[in-house]
Amino acid sequence: MELRIRGERAVLAGPGGEQAREVDPHKLAIGSDLAQALHEWARVASAVSADSGAEAGAVVSQRGRQLAGRLASVMGTTVRFVDPVTGADTVVEPPPRAEAAGQRFVRSVLGPSGPPGEPTPWLTGLTVSAFIAAVVVVAMLALASTLARETSGWLALVASVIVTAGITPSLWLIRRTPILRWAAYGAAGGVLIAWIGVLVIAF
């Protein structure tokens, strides 16, 4: 996308200046403030280019680059700025989008989903996680119910604490390992679900 002037109006054009259209805040969703600033810059630029003042031309060029940066940020796309004074082309990239706090937390805990460009096997992975979760729930509840029936509820509670503390480090270590991480997710979920049943059995 190119930012240029036509007469005293700012226009956006496709590559090579094709299909140029006037900047419109309603059609482009850039806001009235930015659209007005672009048109004011275009009016000043058309006057300065005719006057060809060196200092004024530098100010117009700098202001145009600033507005191109704002436009790239708002629209989230690359903007090619055509300097009306010098005719030079400048490519302005949009700033990288910041991740939300929740996304950063999940990425820091779970790590990247896989190698760049490789799709995440959600269906297969979640199937494995659900199976492992079911096995862990059955195993922990069987252990807790047996100990509670043969000995006491407190011993079942202590045994569940020991099991949880024993597998937690291993689950944490493999949480980012391809394939095994799905088993870790399922085991962790199974432990959390099983604890509801363990507390019911113990008390």
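This is a predicted model: local features need pLDDT of at least 70, side-chain atom pairs count only at pLDDT 80 or more; totals for chains, interfaces and linings use all residues.
The chain contains seven helices and five strands. Along the sequence, these elements occur in the order β-β-β-α-α-α-β-β-α-α-α-α. Of the 203 residues of the chain, 30% are classed as buried. Among contacts in the chain with a separation of 6 or more, 53% are made by residues 24 or more positions apart.

Two helix pairs that share α5 were examined. Helix α5, spanning residues 122–150, packs against helix α6, spanning residues 153–173, at an angle of about 150°. The axes of α5 and α6 are 7 Å apart. Because angles over 145 degrees count as roughly antiparallel, this arrangement places α5 roughly antiparallel to α6. The crossing of the two helices, α5 and α6, is right-handed. On the α5 side, the contact is formed by Met-140, Leu-143, Ala-144, Leu-147 and Ala-148. The α6 side contributes Gly-153, Leu-155, Ala-156, Ala-159, Ser-160, Val-163 and Thr-164. Sorted by class, the residues in the contact of α5 with α6 comprise nine nonpolar, three polar and no charged residues.

Helix α5 also packs against helix α7, which covers residues 180–202. Here the angle is about 30°, and the axes of α5 and α7 lie 7 Å apart. Angles under 35 degrees count as roughly parallel, and α5 and α7 are therefore assigned to that class. The crossing of α5 and α7 is likewise described as right-handed. The contact of α5 with α7 involves 21 nonpolar and six polar residues, with no charged residues.

In soluble globular proteins, nonpolar side chains tend to be buried together. The largest nonpolar core of the model consists of 15 residues, and within this core Trp-41 and Leu-67 have the most contacts. At least two residues of the core come from each of α2 (32–51), α3 (54–75) and β4 (79–82). The greatest contribution is that of α2, which supplies seven residues. Another core, of 14 residues, lies apart from the largest one and includes Val-136, Leu-157, Ala-194 and Val-198.

Individual residues were also considered. Thr-164, a residue of helix α6, has a relative accessible area of 16%. Since buried means under 20% relative accessible area, Thr-164 falls in the buried class. When residues up to four places away in sequence are not counted, Thr-164 touches Met-140, Val-191 and Trp-195. Of these partners, Met-140 is in α5 and is listed among the residues through which α5 meets α6.

Ile-179 is located in the loop between α6 and α7. Most residues other than glycine have a negative phi. Ile-179, although not a glycine, has a positive phi of about 70°. The relative accessibility of Ile-179 is 70%, and the residue is therefore classed as exposed, the cut-off for that class being over 50%.

Gln-66 belongs to helix α3. With a relative accessibility of 42%, Gln-66 is classed as partly exposed. Gln-66 and Val-92 are separated by 26 residues in sequence, while the C-alpha to C-alpha distance between Gln-66 and Val-92 is 9.4 Å.

Definitions and conventions. Residues are numbered from 1 along each chain as its sequence is written. Side-chain values use heavy atoms; hydrogens and water are left out. Axes are lines fitted to C-alpha atoms, for helices over the stretch in contact, and angles run from 0 to 180 degrees between N-to-C directions. Helices (H or I, at least four residues) and strands (E, at least two) are DSSP runs, numbered from the N terminus. Angles under 35 degrees count as roughly parallel, over 145 as roughly antiparallel, 65 to 115 as roughly perpendicular and the rest as oblique. A crossing is left-handed if the near helix is turned anticlockwise from the far one by less than a right angle, and right-handed if clockwise. Contact means heavy atoms within 4.5 Å. Ala, Val, Leu, Ile, Met, Phe, Trp, Tyr, Cys and Pro count as nonpolar, Asp, Glu, Lys and Arg as charged, and the others, Gly among them, as polar. A nonpolar core is a set of buried Ala, Val, Leu, Ile, Met, Phe, Trp, Tyr and Cys residues joined through side-chain atoms within 4.5 Å. Buried means under 20% relative accessible area, exposed over 50%, partly exposed in between (1.4 Å probe, protein chains only).
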